[in-house]
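These are my notebook entries on one structure. I went through the sheets, then a helix pair, then the database record.

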Amino acid sequence: MASAKAVAVIRARPWAVACFLLPALLLLGALIVYPIGYSIQRSLFDASGSSFVGLENFQDLFTNEATRKALSNTLIWIVVAPAVATGLGLIFAVLTERIRWATAFKLVVFMPMAISMLAAGIIFRLVYEQDPDRGLANAALVTVHDTFSGGAAWPDARPRPDTGLTAQEDGAYLVDATARAGEPVLLPLVGVKPADASGEAEAAPAAADPGAVTGTVWLDFAPGGGGTQDVIDPGEKALSGLKVEAVREDGSVAASATTGDDGTFSLPAEDADGTQLRLAAGNFTAAYNGVEWLGPTLVTPAIIASYVWMWAGFAMVLIAAGLAAVPRETLEAARVDGANEWQVFRRITVPLLAPLLAVVLVTLMINVLKVFDLVYVIAPSSSQADANVLALELYRSSFGGGANQGLGSAIAVLLLVLCVPMMIMNVRRLRQEKKR
């Protein structure tokens with residue numbers, strides 16, 4: 001009935017209707033229809049725009065390594081990011097019905113939506129810094145790692161060339177000479193910053209013990225310079241906590257000891273006499289510095305995580321609104337019938353929210369096709385090609401070094417084609433909701 005009245009009004013006053021619609025139609029044509037038409041036209045010409053090349057730009061799009069990588073990453077984004085954000089939004093929405101401080105929780109989760117993509121990119125570029133002193137992610141990982149696994153005593157220590165210590169493939173250092181009981185061994189090392197060894201005691205010569213193989217490991221560097229190489233000079237610091245092993249000819253370890261506060265060690269003569277001493281590789285293992293988040297392997301998952309951080313709040317708010325409309329009688333009836341909370345969630349809550357979840361999922365799929373700022377800001381230049389997506393490749397192709405707006409327009413057309421099925425799904429979903 002209402003639609004019939006609307007048709008009658010349009011027929012009676014077509015000019016009045018046209019006047020009301022004209023401003024919107026002009027804006028729609030100037031901002032949407034014309035850019036789409038021009039992009040399609042421009043995609044059929046070369047970089048200069050003067051020569052018609054047909055579908056060559058689209059062929060280049062699927063054969064060029066950079067654009068293929070951008071396409072594959074974009075598909076990863078479409079599959080992973082919306083699903084994770086929607087899933088977290090659903091979990092958060094359900095949890096907010098169970099906690100007293102639901103409003104504060106929603107505020108905290110939704111707050112990232114108030115931050116621009118550029119600002120979020122800068123924040124996560126700092127979060128993913130490799131240096132644990134600057135990057136929050138690696139600072140947390142290093143703290144947990146170091147809690148359960150102690151680091152090497154002196155990772156930067158090394159012998160001077162031609163001092164009788166030979167580097168091994170595993171990072172250990174083997175003494176060339178054979179160890180003898182009663183003949184103290186001197187193992188001078190360098191490479192340690194004096195400031196790092198400032199808290200160590202002064203090195204002391206090991207005692208000559210006929211019943212043991214003894215020696216000293218120390219920092220062969222005298223404060224202020226001077227001193228004699230391979231000699232323990234006054235003021236030179238001991239290197240404590242180093243593991244010294246007595247190695248047989250077959251490579252097996254006969255005995256081991258750890259240097260004391262004064263750098264000395266002692267191995268029983270019955271085990272170590274006639275063996276070769278070795279400074280274990282574990283003494284020189286580089287300190288754990290966390291994960292290379294922005295390296296070629298993890299850069300895309302890391303950026304997707306930052307996107308989820310921003311948009312999970314959006315999904316939560318929409319799903320929470322739909323959850324508020326779910327009939328409580330249905331949920332209570334299921335509980336009365338003996339269903340546990342997981343069964344209620346899986347068999348009742350999720351099916352009832354399925355139409356809304358589909359809308360949120362499709363909306364985020366369309367949104368991720370436009371992701372540009374996060375990838376551009378977070379990914380360093382060394383791994384930006386590995387994190388490349390279509391929106392960023394569009395910018396790089398059109399306005400970067402190549403300045404090929406023909407290829408850039410072809411990418412824009414591809415993005416439009418990818419958006420169309422999702423838009424159709426949303427329109428159909430809205431029509432179905434209206435019929436209900």
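I looked up an open sheet whose five strands have the order 1-2-8-5-6, with antiparallel pairing. Strands here are DSSP runs of E, at least two residues long, and helices are runs of H or I, at least four residues long, both numbered from the N terminus. Two strands count as paired if DSSP finds at least two bridges between them. I noted that strand 1 (165-167) and strand 6 (253-258) stand at the edges with a single partner strand each, so one side of each has no neighbour in the sheet. On average, neighbouring strands of this sheet are turned by 25° against each other, direction ignored. For such angles, axes are lines fitted to C-alpha atoms (for helices over the stretch in contact), and the angles run from 0 to 180 degrees between N-to-C directions.

Strand 5 (residues 243-247) and strand 8 (residues 276-279) run antiparallel and are joined by four bridges. Glu245 has Arg278 in strand 8 as its bridge partner.

The model is predicted: local features need pLDDT of at least 70, side-chain atom pairs count only at pLDDT 80 or more, and totals for chains, interfaces and linings use all residues. Residues are numbered from 1 along each chain as its sequence is written, and side-chain values use heavy atoms, with hydrogens and water left out.

I found a second open sheet, with three strands in the order 3-4-7 and mixed pairing. Its edge strands are strand 3 (185-189) and strand 7 (264-268), each pairing on one side only. The twist from one strand to the next averages 20°. Strand 3 pairs with strand 4 (residues 212-219) in the parallel sense over five bridges. Leu186 stands opposite Thr216 in strand 4.

How far apart are the axes of helix 5 and helix 9? Helix 5 (residues 102-110) and helix 9 (residues 299-324) have axes 7 Å apart and pack at an angle of about 140°. That makes helix 5 oblique to helix 9, as angles under 35 degrees count as roughly parallel, over 145 as roughly antiparallel, 65 to 115 as roughly perpendicular and the rest as oblique. In contact (heavy atoms within 4.5 Å), Phe105 and Val109 are among the residues of helix 5 that meet helix 9.

I checked residues 407-427, which are 100% helix and 0% strand, with the end C-alpha atoms 30 Å apart.
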